[in-house]
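Hi,

Here is the model I promised to pass on.

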Amino acid sequence: MLGPLRHNRARIAFAHDVMMAAASFPLSLYLRVGDSMPYLADRYLWQGTAIFTCIAAAVFLFSRLYRGIWRYASINDLVALTRAVTIVILIFLPLLFIITRLEMVPRSLPIINWFVLLAMLGAPRFLYRLLKDRRLDNILTVNDPNRMPILLVGAGDGAELFLREMQRDRHSPYQVVGILDEKGTRVGREIHNVPVVGTLNDLRDVITRVPIPPRKLVITKENLDGELVRQVVEKAERHGLSVSRAPRLTELRSGLDSDRLAIRPVAVEDLLGRPQQPLDRESMAALVRGRRVLVTGAGGTIGSELVRQIAAKDPAELVLFDASEYQLYQIDMELAETRPGLKREAILGDVRDRGRVDETMTRLRPELVFHAAALKHVPMVEANPVEGVLTNALGSRIVADACRAAGVACMVQISTDKAVNPTNVMGATKRIAEAYIQALDPVSRAEGGTRYVVVRFGNVLGSTGSVVPLFQRQLAAGGPLTVTHPDITRFFMTVREAVELVLQAAVVGMEDAEAAGRIFVLDMGQPVKVMDLARQMIRLAGLQPDKDIEIRITGLRPGEKLYEELLHGGEAELPTRAPGMTLAAPRTVDLDAMRRALDELESDARARRRNDVLRRIGALVPEYEADPATLASRSDPETDPEADSEPPLDMRHIAE
C-alpha cells in the first residue's frame, strides 16, 4: 500500500494533502453557517472531520497523485486532483447521511467542500511551480548584465521549449531579447512573454529595436534548411554576431541532462543540411535481421558507420574485414562495448588477397556483403596508380567473384561520383569496378545466384582525406585555409544519411527485379562551392574570412575536377520506389570480355608495370585520359620489355 510513498517527497506531499483535507471540512462548514458554527460543532463537526479525513487519505493513496513532480504540475495533475476530490465527496456523502440523517446539515456543504478541498490541494502545487519557473522573477527582475542577450531564430516548438527551460533555470547564462520568425507569419506575437520581433531580413532594424543589443543568434529549429543556416551565418557576420544552435528537442524534453540548456556551435552538417528523406527502416531492419553480414573496409568512415547501423538491426553474425589493424581494432572494441551480445568476428585481411577473401567467404558463408574497402584519396591514388587498381578495381572483382562462389544473397558495392567521366585514377578504377559488377549481375541473377547492387554518391562529411577535416586542422593552426580553385564545387552528405540510403538501396536491389544491373545514385542535393564552405567554416569559428584567416588558392591537383557529376551522359536516369535515390541505366559489357581485360590489367598491376596499367585503364574507361604528371615516370622502351607489348583491349568495341 505504501508503494506510491517510497520517496520522501511523496510522503511529504501525502501528509500535506491529508492535513488540507482535515482543514477543508470545518472551513467549508464555517463558510456555510458562519456564526452558527459552535452550535453545529457539538453535533457532528469532530466526527465528520475525522471520517472525511480518513476517506480522503485512503482515496489519495490509491489515486496515483504522488508519482508526479510538483515542479512540473500541469493540467493533467489538475484533472487527477479533481477526480480524487470528487471520489472523496461521493464516498463521504452517504456516510454522512448514515451518521446524521443529514439533519441540520446544510445541503450545499458537500459542494462547498468540493471547491474548498480542490483549491487547498491545487493552489500549493501551482504556486510551487510558479516559484520554481521564476515567472514572477522574470516580471520583476531588471536586466542582468551577467547574462548574454540573444536572439532566437525560429518561432516554433524549439523556441518554446528553450524558453520554458530558461524560465526554470535560475542560473541560465542567457537572456532572450526577441525571436526571429523564419517565415514571418508569427511576427507581433509572443512566446512566454518574449516577442517575435521580425524576420531574418529585419535583423538590422531588430538590433536597434530590442531593449538590449544581442550578441548571439541561436537557431532553435531542428531541421532548418542548409541554405537558411548559411544565410543566418552570413547575416550574423555582417552585424558582428556569433551563431549557435539550441539543444535538440529530445534533449530539452528529456529533462535528464543538467547541462541541457548549453547551446552548441553550428556544425558543418547544418550548413549543408537538407530535409531528411523518408526511409523504409522496417524493411532495412528486416533485410539484416537474423542474417550473417560481412563488411569490407569495416574500419573506414563508411564501413564503420555501416557496421554500427547493421549491428543495431540484430544480425545473426557480423564479420568485420579490414586491412588496417588499428582501424579494425577500434571498430571491434566499439562493438564489444556497445553490442556485447552480438556475435562478431574481426578478420585482418586485404581485398587484394584472393586467397584470404575466398577462405573467409567459404568458412563464414555471409548472406549479405557490403564492400566499402577502397583507396579514395584522389592525389594519393594518382601518385600510386597501381595500388589504386589493385584495391579498387581488382579487389572489387575478387570480392564479387568470392560472393558468387560462396552463394552470398546480395553484395553491395560502394562507388563514387568520381567514377563519372573520371579525370583521375581513383575515379577510373571505381568505374572499372562498377562495370564489372554491372556485367556480372545479370549473369548471376539468371542462375538464381548472388544479386549485385552498386551505390554511387559524393563526398561524405568528415571522411578520411576529405576537405572538412583539412579545413578544421588548418583553422586550429590559425590558417591559411587552402582551396585548389575558387570555382571548384562538390556534392556533400553526412555519413549517417549515406549509409542509411545504402541500406535502402540494398532493400530495393534485393526486392526489385527491374533494378538488376543498374546503379543506385543517391540524391546529393545541390553541389556546394568549396570556397563558400571555407568562408562559412571560418565564420562558424567566430572569425572573419580574409581578415582573421586567409584563404589561399593552391591550384588544381593532378586528376582533380572542377565539378563532379552523378550521372554519365550515356546513363539514363530512372526513378525508383525509394525516395532519395534514382537508378542509372546500365552501360554493360560482355562478362567474358571484361574478365579477359581485367586479367591483363591484373597481370600488369601485379608486375608493377605502371604505364601499361595506365594504358589499360584508359582502354577500359574511354572517358579517362591519364594526367601528364601521372605518366611522368614513363618507362624507357629499351629497358622495359613490356613497353611495346600488344595494346590492351578497348572496351568501347564490346559494349552491349
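Helices (H or I, at least four residues) and strands (E, at least two) are DSSP runs, numbered from the N terminus.

Two notes on the source. This is a predicted model, so to speak of local features I need pLDDT of at least 70, side-chain atom pairs count only at pLDDT 80 or more, and totals for chains, interfaces and linings use all residues. Residues are numbered from 1 along each chain as its sequence is written, and side-chain values use heavy atoms, with hydrogens and water left out.

The overall picture: the protein has 22 helices and 22 strands, and 51% of its 656 residues count as buried. Taking contact to mean heavy atoms within 4.5 Å, 77% of the contacts between residues at least 6 apart in sequence join residues at least 24 apart.

Now H13 (residues 325-338). Its buried residues are Leu328, Ile331, Asp332 and Leu335. Down the axis of H13 these fall within an arc of 100° (taken from the directions from the helix axis to the C-beta atoms), so they line one face of the helix. The buried residues of H13 pack against helix H12 (301-311) and strands S9 (317-322) and S10 (344-348). Tyr326, Glu337 and Thr338 are exposed, on the face of H13 turned away from its buried side.

Two helix pairs are worth a look. For both, axes are lines fitted to C-alpha atoms over the stretch in contact, and angles run from 0 to 180 degrees between N-to-C directions.

- H18 (residues 467-476) and H20 (residues 530-540) pack at about 40°, with their axes 11 Å apart. The contact is made by Val467, Val468, Phe471, Gln472 and Leu475 of H18 and Val530, Leu533, Ala534, Met537 and Ile538 of H20.
- H21 (residues 591-606) and H22 (residues 610-620) pack at about 160°, their axes 9 Å apart, which makes H21 roughly antiparallel to H22. Among the H21 residues that meet H22 are Met594, Leu598 and Leu601.

Cheers

Methods
Buried means under 20% relative accessible area, exposed over 50%, partly exposed in between (1.4 Å probe, protein chains only). Angles under 35 degrees count as roughly parallel, over 145 as roughly antiparallel, 65 to 115 as roughly perpendicular and the rest as oblique.
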